Amino acid sequence: MRRPTNSARRRAAMIAVTVVCVAYAPIAMTELWPYARPGAPSLGKWVMGHVVSPRYVTEAFADRMAPYRHSLVPMIVHSVLGGALMLLGPAQLLTAARHRTRLHRTLGVVFAVTVYVSMAGAGIYLARTDPEDAFSGPAFWIVLATLLVGTVMSVTFGILAAVRGLLDLHQRWMLLCYGFLLTAPLLRLEWGFLPRLLPGLTMEQINQVAIMHLGTLVTFGALIAARARDRRTTVEGVTGSWAPLPVLAAAQLAGAAALLWIARSYLDFGATGRRLLWAYLLPYAVSYAVLAVGARRAGRQGRPWAREEWRLHLTALCLAPVLSAGAAPVFQHALDLDRLTALTAGVAIGCGMLAVAATTVVSLRVVNSRREPVTPVSPPVSGDTRAVAAAGAVRRGNPR
């Protein structure tokens, strides 16, 4: 059998994303109907009841009525427009791949406006809901707030990059934005299969497991997609590295120390801590291995721009546990959280926030390279040209 080509892999990934998004769109659009009108159909609940059990669905959604009731209209706007974004995203990817520029720009405006309005609905819900009263508790509230900020930032930077004609950076930011949006359908998928993998867990416990790695998965996927579409060997003006080996080594040492602290902290909480720790470590280890191999392979193949981007994201990934370890005590004291909840919230947001930071650094590298002054190179001057120039200088009274 032939090995799949890169184009075949990209096509398969595009099809998989499209299927997930199209399938999730009606689920998102109908999810909150029963809260507005009891008994109204909800496709998501129907699917979950058949995949897991009706009792699981009843227990999972019973505690959502109170926090949703006083923000129901904003949340319905958020969920309906979120379903629309699931359809607009694949359409944008397809128009970009087909070079349908005018249609891509038109849909891009619709996509951006939809993101802002949908996130405004989510922001109203978060502002009106105390972290303790949020669905699945304060750690989930913190993750939702972080996702909201990351989504708005990424779509804004994507728009600015497009306006300035930086299409490669526009692509990176929009892929990251859509990665953050994909946390919604991916979470629903985990609602379906995690109860089979980890039987007996409540929805709140399932959500705690899911948020340990969703940020890692979606940002990692966005980076893989960006690198797959960028075939440049070099970028004009980009020389050297902002993540040289000493910096990368220091980040790895700091990350290893932070990971050790996180692991020891989780082991203090018995089976619950071990479950959350593995949910974090396994995807993190896979991401680290792929980024490290990608950077090394790009260096061996003489592709300095690819190596630089892999290295910058690898450095950020190594520093993500450092951010998480620092955020945990801040959450614990500032929000008066218990130690396990604060630790989970800190770990859950680390990789997503550092992925935004890495994409920002990549953008600064590209923008800075375009600001570098280019030394003009004088064309070679022939002997006849020099003679003519000298005669003109004598006539002007400026002999050499």
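Mentor: Gladly! This is a predicted model. Let us begin with two helices: H7 passes H9 in a left-handed crossing.

Trainee: What makes H7 oblique to H9?

Mentor: The axes of H7 and H9, the latter spanning residues 167–181, cross at roughly 45° and come within 13 Å. Angles under 35 degrees count as roughly parallel and 65 to 115 as roughly perpendicular, so H7 is oblique to H9.

Trainee: H7 also holds Tyr-116. Why is Tyr-116 called partly exposed?

Mentor: Its relative accessible area is 32%. Buried means under 20% and exposed means over 50%, so Tyr-116 is partly exposed. Tyr-116 belongs to a nonpolar patch on the surface, together with residues including Val-109, Val-113 and Ile-159. H7 gives the most to that patch, with four residues.

Trainee: Now for the charged residues. How do you know that Asp-230 is buried?

Mentor: Asp-230 has 8% relative accessibility. The cut-off for buried is under 20%, so Asp-230 counts as buried.

Trainee: And what makes its contact with Arg-232 a salt bridge?

Mentor: The N to O distance is 2.9 Å, and the limit is within 4 Å, so the pair qualifies. Arg-232 itself is partly exposed, at 29%.

Trainee: Which residues are linked with them in a network of salt bridges?

Mentor: The network joins Asp-168, Arg-172, Arg-227, Asp-230, Arg-232 and Glu-309. In it, Arg-227 and Glu-309 meet at 2.7 Å, N to O. That pair links distant parts of the chain, helix H12 and helix H15, 82 residues apart.

Notes:
Residues are numbered from 1 along each chain as its sequence is written. This is a predicted model: local features need pLDDT of at least 70, side-chain atom pairs count only at pLDDT 80 or more; totals for chains, interfaces and linings use all residues. Side-chain values use heavy atoms; hydrogens and water are left out. Patches are made of residues with over 30% relative accessible area and no salt bridge: like charges are joined within 9 Å, nonpolar side chains (Val, Leu, Ile, Met, Phe, Trp, Tyr) within 5 Å. Accessible areas come from the Shrake-Rupley method with a 1.4 Å probe; for residues, only the protein chains shown count as cover. A salt bridge is a side-chain nitrogen of Lys or Arg within 4 Å of a carboxyl oxygen of Asp or Glu. Buried means under 20% relative accessible area, exposed over 50%, partly exposed in between (1.4 Å probe, protein chains only). Axes are lines fitted to C-alpha atoms, for helices over the stretch in contact, and angles run from 0 to 180 degrees between N-to-C directions. Angles under 35 degrees count as roughly parallel, over 145 as roughly antiparallel, 65 to 115 as roughly perpendicular and the rest as oblique. A crossing is left-handed if the near helix is turned anticlockwise from the far one by less than a right angle, and right-handed if clockwise.
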